Amino acid sequence: MRFDLTADQRLLRSATADFLADASSLAVSRALHAQGRSVDRDTWRRGAELGWTSLLIPEELGGGSVSGAGLVDATILAEEFGGCAAPGPFLPVNVVAAALGQASNAAAQAGLLKRLLAGEAIATWACCPPGGSWDPAAGAVAAVPDGDGYRLTGVHEGVEAAADADAFLVLGAVPEGLTQFVLPATAAGLSVEAMGSLDLTRGFGRVAYDDVRVGPEAVVGVVGQAQQAVERQFQVAVVLQCAELAGVLDTVLGFTRQWLADRFTFGRPLESYQALKHRFADLTTWSHAAQAATYAAAAAVQDAQPDAAQVVSIAKSYAGQRATDIVQECVQLHGGLGVTWEHDIHVYLRRATVNRVTWGTPGQHRRRLADLLGV
Amino acid sequence: MTDNESTEFGSAGFGRSEIGSTEMGSAGFGSAGIESVQSFRQRARAWIAANLLPTDQASGYPSGPGVAARDEAAWQHARELQARLYAGGFAGICFPREYGGLGLTPAHQRAFTEEAVGYAMPTLLNIPTFSICCATILDLASEELKRAHLAAAIRGEEVLVQFLSEPGSGSDLASVTTRADRRGDSFVLSGTKVWSTAAYAADYALCLARTDWTRPKHEGLTMFLVRVRQPGIEIRQIRQVDGSSEFCQEFIDGVEVPVTDVVGEVNGGWAVASRQLFHERSSMSGASPYISGPHPGRDRLTSVRELIGLVRDSGQAGDPAGRELVAEYHGLERIESWLADRVGSAIRAGQLPAAASSVARLFSGEAITRRAEIALELAGPLAVMSGSTAAGAAAGSTSAGAGAGAAAGAGAGAADAAGVGDAASPAIAVGAGEPTVGVRFLARQGGSLGGGSTEMARNIISERLLGMPREHAADKGLPFNQVRRGR
């Protein structure tokens, strides 16, 4: 939990927390999952009114932050999403919104931005190749020039909310270099196939491009020069997923703390055993450290600090690892109850595990950090 | 402050809220507003460049690794540097103006510390003089003591230390048995203190002693400000595993202390000691706003630049496992500092209780342990043996100048030949003939013991931060003279 919120930020947080507690409780999420769905359009549209989609879009395009630091504001909401293990394409929509809003030709996508802002459209970010790589720059699909446009061929995997998306921000490779395109879900030759997901509350999919024709108006930014923008989108995505983990930790440590007080063995509460007190002190410390790293990363990316990429990888490698460590320790503290389907802790463990792996595992981020440090 | 800077003063964003009233009191922060951090930083940058020496030109005095004991000259140098900071208007940045400080905020202090990177600073005075002793005196001592001792310390004229632990009282600090018997307007102190950092160089010590043996242990203690250099106090330096001898043992025999030198209340010494422990935890984790310049504990750790050089020189730069370890090492280093900032500012703003300082302290202790292990893993045989011929290879490699120096010569000549004499490159320096990475590994638990053990930190976090039940205490409520004690 952040301690340094302004009054406006506290309002932003409490509005979303109250809304999610009602409209997106775990009971609701479990029911959605039972129906094989992960996104509820009506919930998303109402959430958009609370600012879920506007924070990373510049004011002149209809967006706006509450503090002037949009990414910091967005992490406040991401924490709430993590804290409720809420579905809702918060991460991909905001990454796409930031990408479109910051593009040199942002006006060209004003229509889509407006629909994203209103919560009427859902967009997602497609850039990872099939297999194990989360390096966005390695996942570009072939984009062959064709008249004034391009023809795209290839596959992206691990695309969050793919089955629900109305539009895709697709990374392609043209002869000049990396280029991003916006494609409607209805584009001829584009197909989406749902993938199985460990996460109860978020779906992923495979997007295939079979000679998909795009016009010049689909290009985001400058042809061949998407590298920096993609790196920034990657940083935004990692910061938001770390913030989700921060929220997961507050919730799981909160109910586990309560469990330790309520559960009695040998005539005394679990919280009175020094062995358990000390373990919980460790978990609390790791959680504060993961959160400190996450907020440092949010500030570094927000301010475009020169070492932002390093800070982001430090945050992900630590928070990604520690979040699953902490939640699984809390499973242990719950005893047999912790490994039942009934108990909510596995919903958080699933969320934390998926966040740990997507957009780079802790190990991949350590190797990336080593590269950045010039080892 | 000089007159021509007064126009740059502005109150934007740097008011009292930066410094909570519980820690600093309201003294020294007038309503007139204070200089902006940016303006302060610019003045500091110019002054530092003109008045301080880069560390590599001030060799001999900084507390580098392998320094067995800091001699009198090093302490004299620190006092002189402090006096120079004072004369230049950059001493006691977060201490109130009426006690000789600048009355500025932690943000100003951070800016100064950032600007002073690479310059020789009086780091010996940071802990415990400023960050623990002066901080506690500011919080709890009488007006007379504050005026006398804070200003003197800030001018570089006084070194202060702590006389807390005893051979029979460590984690259970409130069980100390040094006695203080009232005699007229004085108390007479006798007993033995131990683990007192830098006592051999000190002028005054905050000494915890028992003034009432018929009350429960916490209620019969008093804190005294004791002159260290006087007959009746004998000091012995303790040699540590890593060759250092900063810790001391003191034998106190019939030393008279005037009542006016009591800090806080008579029999109210536990409150003072608790405050010291809080400031000590803040110091250990780097969260203290009274530390100026580099953290004095950190020079005992291998820097990440040294580590990178080590990885290159030991041929592991292409090894993903070694590369990941370097990244982990660096991550821990950065997170430690972010966590200290997070916890420190939340405590100052009243959003977390002072007990939360144990979170940063616990992380710090564990991180030091892990980092010492990583350095050992990366150094391999060079961590445990001196005189390897790899030394020459390292000196000749391209990375040597970048802070590598993977050499472990047995003598000064070998060290020079290997380029370890370069102030920037003691990754494996010569420490009394021992390889430094290995020695640091041996001594790594020091980071989990000094400043209160990590076990105590876990107790504090679980009990005082999270409200879990206190551990059973067999001495609870008992008059101290009825409490069972070992020997």
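Reader: How many residues does the largest nonpolar core have, and which of them have the most contacts inside it?

Author: This is a predicted model, in which local features need pLDDT of at least 70, side-chain atom pairs count only at pLDDT 80 or more, and totals for chains, interfaces and linings use all residues. Residues are numbered from 1 along each chain as its sequence is written, while chains are lettered from A and ligands numbered from 1 in the order in which they are written. A nonpolar core is a set of buried Ala, Val, Leu, Ile, Met, Phe, Trp, Tyr and Cys residues joined through C-beta atoms within 7 Å; buried means 20 or more other C-beta atoms within 10 Å of the residue's own, exposed 12 or fewer, and partly exposed in between, with C-beta atoms placed from the backbone. The largest such core has 242 residues, and those with the most contacts inside it are A:V239, A:A293, A:A297, A:V327, B:C134, B:A205 and B:F224.

Reader: Which helix gives the most to this core?

Author: Helices (DSSP H or I, at least four residues) and strands (DSSP E, at least two) are numbered from the N terminus. With 17 residues, the helix that gives the most to this core spans residues 227-262 of chain A, namely α7.

Reader: Which residues is B:F224 in contact with, leaving aside its neighbours within four places in sequence?

Author: Two residues are in contact if their C-beta atoms, placed from the backbone, lie within 7 Å. By that criterion, and with neighbours within four places left aside, the partners of B:F224 are B:A180, B:F187, B:L189, B:C207, B:A209, B:V257, B:D261, B:V262 and B:V263.

Reader: How many residues does each chain bring to the contact between chains A and B, and which helix of chain A gives the most?

Author: Chain A brings 26 residues and chain B brings 30. On the side of chain A, α8 (274-302), α9 (308-334) and α11 (362-373) each supply at least two residues. The helix that gives the most, with 12 residues, is α8(A).

Reader: How does the side of chain A that touches chain B divide by class?

Author: Ala, Val, Leu, Ile, Met, Phe, Trp, Tyr, Cys and Pro count as nonpolar, Asp, Glu, Lys and Arg as charged, and the others, Gly among them, as polar. On that basis, this side of chain A has 13 nonpolar, 8 polar and 5 charged residues.

Reader: At what angle do α8(A) and α15(B) cross, and how does their contact divide by class?

Author: The two axes come within 8 Å and cross at roughly 85 degrees, and the helices are therefore roughly perpendicular to each other. From α8(A) the contact takes A:K277, A:H278, A:F280, A:A281, A:T284 and A:T285, and from α15(B) it takes B:R458, B:I461 and B:S462. These residues divide into 3 nonpolar, 4 polar and 2 charged.

Reader: How many residues of α15(B) are buried, and what covers them?

Author: Spanning residues 454-465, α15(B) is mostly covered, with 9 of its 12 residues buried. Among them are B:R458, B:I461 and B:S462. What covers the buried residues includes α8 of chain A together with two helices of chain B, α10 (357-379) and α14 (446-449).

Reader: Is B:E463 buried or partly exposed?

Author: B:E463 is found in α15(B). Leaving aside neighbours within four places in sequence, B:E463 is in contact with B:M468 and B:R470. Because 18 C-beta neighbours lie inside 10 Å, B:E463 counts as partly exposed.

Reader: Where is B:P122, and is B:P122 buried or exposed?

Author: B:P122 has its place in the loop between α4 (106-115) and α5 (126-140) of chain B. Not counting residues up to four places away in sequence, B:P122 touches B:A78, B:L81 and B:Q82. With 24 other C-beta atoms within 10 Å, B:P122 is buried.

Note on methods. Axes are lines fitted to C-alpha atoms, for helices over the stretch in contact, and angles run from 0 to 180 degrees between N-to-C directions. Angles under 35 degrees count as roughly parallel, over 145 as roughly antiparallel, 65 to 115 as roughly perpendicular and the rest as oblique.
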